[in-house]
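Biologist: I'm new to this one. Could you show me the structure and walk me through how you label things?

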Amino acid sequence: PRHTTGALRRAGIQWGPRMNTDDHGATPGPGLPSPPLATRLENALEMAARELLRERRAERRWRIFFRLMWLGLALLSALFAALTSILAKVGIEGVNSNLATAIRTGVVLLMAWGMVFLTNAQGGIPAISTKSWLFLILSGLATGASWLCYYKALRLGEACKVVPVDKLSVVFTLVLAFVFLHEKFTPKSLIGCVLIGAGTLLMVL
């Protein structure tokens, strides 16, 4: 194994025909390796075991990191969404809500296409199917309608009340996913929907 071979080399032991020679190049009798070589072999094997253990621990840490990456990204998404609401509430004062939505959409458009070209993902455009185009366009229309309503609501109401109501989209998503995508709707999901609804009413009233 590469761990053992590397450790042997660092211990000063040649892996090959002269491996069983002593420090003076002489070959010991059968079954009687010289003490220095035996000690070096023991040290080399111990080093190899440590290296292997260290690599496995590092792999385990990276595995845990990637497993929890979605949580970190989701928390960042929530943070940026909160900043969006606060910044929009301040910036929309004295500005038409539709114009504010258009400005915000333009910035998002530049960022999105900038990431596409930065990651060299534009080559995948021809591979998009007609079905994907249709549903992506419909999703874009739904997003646009959501933003228009959201900015109008922010202009007319308080952010601390508009944002919780907007988050009822979680409940709507679960219900629509159950109806149209046939995803599971467990008792836990039902309890979560009820709690989200109750929390929203509590914050709005």
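Modeller: Let's start with helix α6 (residues 169-180) and helix α7 (residues 187-204), which pack at an angle of about 150 degrees with axes 9 Å apart. This is a predicted model, where local features need pLDDT of at least 70, side-chain atom pairs count only at pLDDT 80 or more, and totals for chains, interfaces and linings use all residues. Residues are numbered from 1 along each chain as its sequence is written, and side-chain values use heavy atoms, leaving out hydrogens and water.

Biologist: What makes α6 roughly antiparallel to α7?

Modeller: Angles over 145 degrees count as roughly antiparallel. The angle here is about 150 degrees, so α6 is roughly antiparallel to α7. Val170, Val171 and Leu174 of α6 make the contact with Ser189, Cys193 and Ile196 of α7, contact meaning heavy atoms within 4.5 Å.

Biologist: How do you know that Arg50 forms a salt bridge with Glu46?

Modeller: A salt bridge needs a side-chain nitrogen of Lys or Arg within 4 Å of a carboxyl oxygen of Asp or Glu. The closest N and O atoms of Arg50 and Glu46 are 2.7 Å apart, so the pair qualifies. Both residues lie in helix α2 (residues 35-91), 4 residues apart, about one turn of the helix.

Biologist: Why is Arg50 called exposed, and Glu46 partly exposed?

Modeller: Buried means under 20% relative accessible area, exposed over 50%, and partly exposed in between (1.4 Å probe, protein chains only). Arg50 has 52%, so it is exposed, while Glu46 has 37% and is therefore partly exposed.

Technical notes: Axes are lines fitted to C-alpha atoms, for helices over the stretch in contact, and angles run from 0 to 180 degrees between N-to-C directions. Helices (H or I, at least four residues) and strands (E, at least two) are DSSP runs, numbered from the N terminus. Angles under 35 degrees count as roughly parallel, over 145 as roughly antiparallel, 65 to 115 as roughly perpendicular and the rest as oblique.
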